[in-house]
Amino acid sequence: MTIRTPSRSIFRPQHGISQEILRENKRLIERIDRRNVLRGALSLGALTLLTGCDVSENDQVQTFLRAVSTWNDKVQSLIFRPNHLAPTYSESQVVKPPRFNASYDPQDVKPVDGASWKLELSGRIENKKPWTIKDIYALPEQELIIRHICVEGWDYIGQWSGPNLRAFLERIGADLSAKYIAFRCADGYTESIDMPSALHPQTILATKYAKEPITDPFGFPLRLRTSTKLGFKNPKWLVSMEVTDVFPETYYSKQGFNWFSGI
Amino acid sequence: MTHELKKLHPTPIRIMHWTNAVAMFIMIGSGWKIYNDEVIFGWLHFPDFLTIGKWAQYGLQWHFFGMWIIVLNGLAYVCYGIATGRFRRMLFPIRWHELIATIHDALRLRLSHDDPTRYNTVQKLLYVGVICVGILTVISGLAIWKPVQFSELLALFGSFQNARLVHFLCMSAIVLFVAVHVTLALLVPRTLVSMITGGPTVDPAPHVHSLEPIESTP
């Protein structure tokens, strides 16, 4: 039995290691205090862990953050360009069916009965007679092929058509100098938009998607569709519309989402 | 000509540095929260303990609060850097042959830390680079925030999702920078101390570059 003699590694220096580099950088190496580095790294780590317990829900913090959000509403209404059109797209780019967005799953959508459905009107409107599907379908249609952008960050191109909201407001004798339009939906959802956004040329009451009546998950029989707001500002299954000067809080603004949410 | 003596990091620089540090912390933490709701890469979700805001709306609230601090502070910093000549003095000129020499020195562990008032070429490049990335982060952020009102800006990026990707990549570059920056500051702690105390007193007059090739006389 032979005992193997390990051969000398070819990577091993022939004449020992030069200590020159160490001598030259002695001052620098002395300064690297491992304990200090570790301590620093640990404090930094601890700082990031602080976010684990959320300070956002603290009343004072929430009051402050919501005040900033209200300030951001004002800034957004100043930035808003009333006649600047959002980019439009070709029919070949339209996604069918549209992407579903709601606070619940599509299978939980309760379909609206079109035959008994009515759109109720209230607030600063001259003619508050409720509208039926037939009445709405009899109005001239406008088609929009626009990008839907969700607050979460996803987007798709959709093809929507229905009466222009500005034309509709004029027809019912709404006071266009009022501040807000508030909507209520069949599922209890509430939404409201500022008057300038309501009067934007690309804001419609949509009845159709890709030239067919909107299907149940996407707002049958009537929904709002505007090119200048995030997805959640486009309520589906509308049952009432109010023209008002009193700020109407909404389903999502009550939870702390930014109210204006323009894009 | 009077040679006024100043500290390495004048008070405005120190205030803006730490304001920026806090704002970055808010923007990155809340940005990760927002990212998680619609990830760009299926394999990448940020763990909850690294994000700011328990629910989506809180993350959004922090992000759209932090944006004011980071933009106003950043504007003040850029104006200050240009108006006082600090950028010109500290970050320029960036010379190619010096870059190679610095990398060479760094690899042989021969980097000099003796003069903290002068940045080496790698530092200059990184600082100029991260300022440019910061500006691109704000531009891509504005394009995502207002893709219709600023549709001209969005057009620079091609599409909404491209702008999101650019915004994300800018964040990644900044996080990398911060990791290196913090590690080096901890390795040479007196740089960290001088960002609090102001550091050594320096002569603000432009230095004569010692790394200039010296003409040899016969």
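Residues are numbered from 1 along each chain as its sequence is written, and chains are lettered from A in the order in which they are written. Because this is a predicted model, local features need pLDDT of at least 70 and side-chain atom pairs count only at pLDDT 80 or more, while totals for chains, interfaces and linings use all residues.

**View 1. Confidence along chain B.** Chain B averages a pLDDT of 88, with 89% of the residues scoring at least 70; pLDDT is the predictor's confidence in each residue, from 0 to 100. For the complex, the predictor gives an ipTM of 0.85 and a pTM of 0.83.

**View 2. The side of chain B that touches chain A.** In this interface, 33 residues of chain B are in contact with 41 residues of chain A, two residues being in contact if their C-beta atoms, placed from the backbone, lie within 7 Å. The largest share of this side of chain B, 7 residues, comes from α2(B), and its residues divide into 18 nonpolar, 9 polar and 6 charged. Ala, Val, Leu, Ile, Met, Phe, Trp, Tyr, Cys and Pro count as nonpolar, Asp, Glu, Lys and Arg as charged, and the others, Gly among them, as polar.

**View 3. Helix α4(A) against helix α2(B).** The axes of α4(A) (residues 59-79) and α2(B) come within 9 Å and cross at roughly 65°; axes are lines fitted to C-alpha atoms, for helices over the stretch in contact, and angles run from 0 to 180 degrees between N-to-C directions. L65(A), V68(A), S69(A) and N72(A) of α4(A) make the contact with Q61(B), F64(B) and F65(B) of α2(B), and by class it has 4 nonpolar, 3 polar and no charged residues.

**View 4. Strand β6(A) and its partner.** Strand β6(A) (residues 203-206) is covered on both faces, with T203(A) and L205(A) buried on one side and I204(A) and A206(A) buried on the other; a residue is buried if 20 or more other C-beta atoms, placed from the backbone, lie within 10 Å of its own. Over 4 bridges, β6(A) pairs in the antiparallel sense with strand β9(A) (residues 223-226), two strands being paired if DSSP finds at least two bridges between them. The bridge partner of T203(A) in β9(A) is T226(A).

Notes. Helices (H or I, at least four residues) and strands (E, at least two) are DSSP runs, numbered from the N terminus. A residue is buried if 20 or more other C-beta atoms lie within 10 Å of its own, exposed if 12 or fewer, and partly exposed in between; C-beta atoms are placed from the backbone.
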